[in-house]
Amino acid sequence: YGNLFITRVLIVDDASTDDTAVVFNSFKNEFTDFPLEYLRHPQNRGLTGGINTAFEMFLKDMQMNNPAIAYGLMDGDNSHAPLAIPDMLRKICEGNDVVIASRFRPGSRVVGVVWWRQVLSFGLTCIFKTIRNIPGVRDYSCGYRLYSPKIVEKVKKRFPNDVVFEKSF
């Protein structure tokens, strides 16, 4: 693990109406240190579609000559801080299969998320902790995650088509 470097960034536009393509085109030439790619779904497939596309891309990357040491998901609405990636990557390098940027850790902040979604996230976390408590997991609904190649492969073997089936939050 040494210096952090990004080998590839993929922006998945799920046929959004929020000018994602315009924003991407306005800054794509500013990033020359790594490939920045844009993929637009022909129709809106929701959060599920974006996650499933990402896992397909992770699997493709794993088959390349120089695959990544971790694969990440984050929202593009400025609610996830990219500066958390080095600490998350460190946890992957320490042997963790999944690292979640939890909103429920000391010092964390929630930015750009309406109050009722915060309440829903907290409620879901309470329910999941009661039904299926996973040691070390504090936030079950946060989509800002890094995955080890080992877990990506395991998940894709178990769910070869779609990794996620739910159509919304």
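Modeller: Side chains of opposite charge can pair when their charged atoms come close. A salt bridge here is a side-chain nitrogen of Lys or Arg within 4 Å of a carboxyl oxygen of Asp or Glu. By this rule the count comes to four salt bridges. This is a predicted model, in which local features need pLDDT of at least 70 and side-chain atom pairs count only at pLDDT 80 or more, while totals for chains, interfaces and linings use all residues. Residues are numbered from 1 along each chain as its sequence is written, and side-chain values use heavy atoms, with hydrogens and water left out.

Colleague: Which residue forms a salt bridge with Asp-13?

Modeller: The partner is Arg-40, with the closest N and O atoms 2.9 Å apart. Arg-40 lies in strand E2 and Asp-13 in strand E1, so this pair ties together parts that are 27 residues apart in sequence. Helices (H or I, at least four residues) and strands (E, at least two) are DSSP runs, numbered from the N terminus.

Colleague: Are Arg-40 and Asp-13 buried or exposed?

Modeller: Buried means under 20% relative accessible area, exposed over 50%, and partly exposed in between, with a 1.4 Å probe and protein chains only. Arg-40 is partly exposed, at 42%, whereas Asp-13 is buried, at 2%.

Colleague: What does the salt bridge of Lys-156 and Glu-56 link?

Modeller: The side chains of Lys-156 and Glu-56 meet at 2.5 Å, N to O. This pair links distant parts of the chain, with Lys-156 in helix H5 and Glu-56 in helix H2, 100 residues apart. Lys-156 counts as buried because its relative accessibility is 6%; Glu-56, at 31%, counts as partly exposed.

A further salt bridge joins the side chains of Asp-97 and Lys-150 at 3.7 Å, N to O. Asp-97 lies in the loop between helix H3 (85–93) and strand E4 (98–100) and Lys-150 in helix H5, so the pair ties together parts 53 residues apart in sequence. Asp-97 is partly exposed at 24%, and Lys-150 is exposed at 53%.

Colleague: How should I read a helix such as H2, and what covers its buried residues?

Modeller: An α-helix has 3.6 residues a turn, so residues three or four places apart point the same way. Among the buried residues of H2 are Ile-51, Phe-55, Phe-58 and Met-62. Their cover includes strands E1 (9–13), E2 (36–40), E3 (71–73) and E5 (145–147), together with helix H5 (149–158).

Colleague: Which side chains make polar contacts with the side chain of His-41?

Modeller: A polar contact is a pair of N or O atoms within 3.5 Å; within protein, one must be able to donate a hydrogen and the other to accept it, and residues adjacent in sequence count only if both atoms are side-chain atoms. His-41 lies in the loop between E2 and H2 and counts as buried, at 4% relative accessibility. Its side chain makes a polar contact with the side chain of Asp-14 at 2.6 Å, and another with that of Arg-45 at 3.3 Å. Contact in general means heavy atoms within 4.5 Å. Leaving aside neighbours within four places in sequence, the residues in contact with His-41 include Val-12, Ala-15, Gly-49 and Thr-53.

Colleague: Where is Asp-139 found, and which backbone nitrogens does its side chain approach?

Modeller: Asp-139 is found in the loop between helix H4 (115–131) and E5, and counts as buried at 0% relative accessibility. A polar atom of the Asp-139 side chain lies 3.3 Å from the backbone nitrogen of Ser-141. The Asp-139 side chain also reaches the backbone nitrogen of Cys-142 at 3.2 Å.

Colleague: Which residues have a positive phi although not glycine?

Modeller: Ala-15 has a phi of about 55°, and Asp-19 one of about 65°. Ala-15 is buried, with a relative accessible area of 16%.
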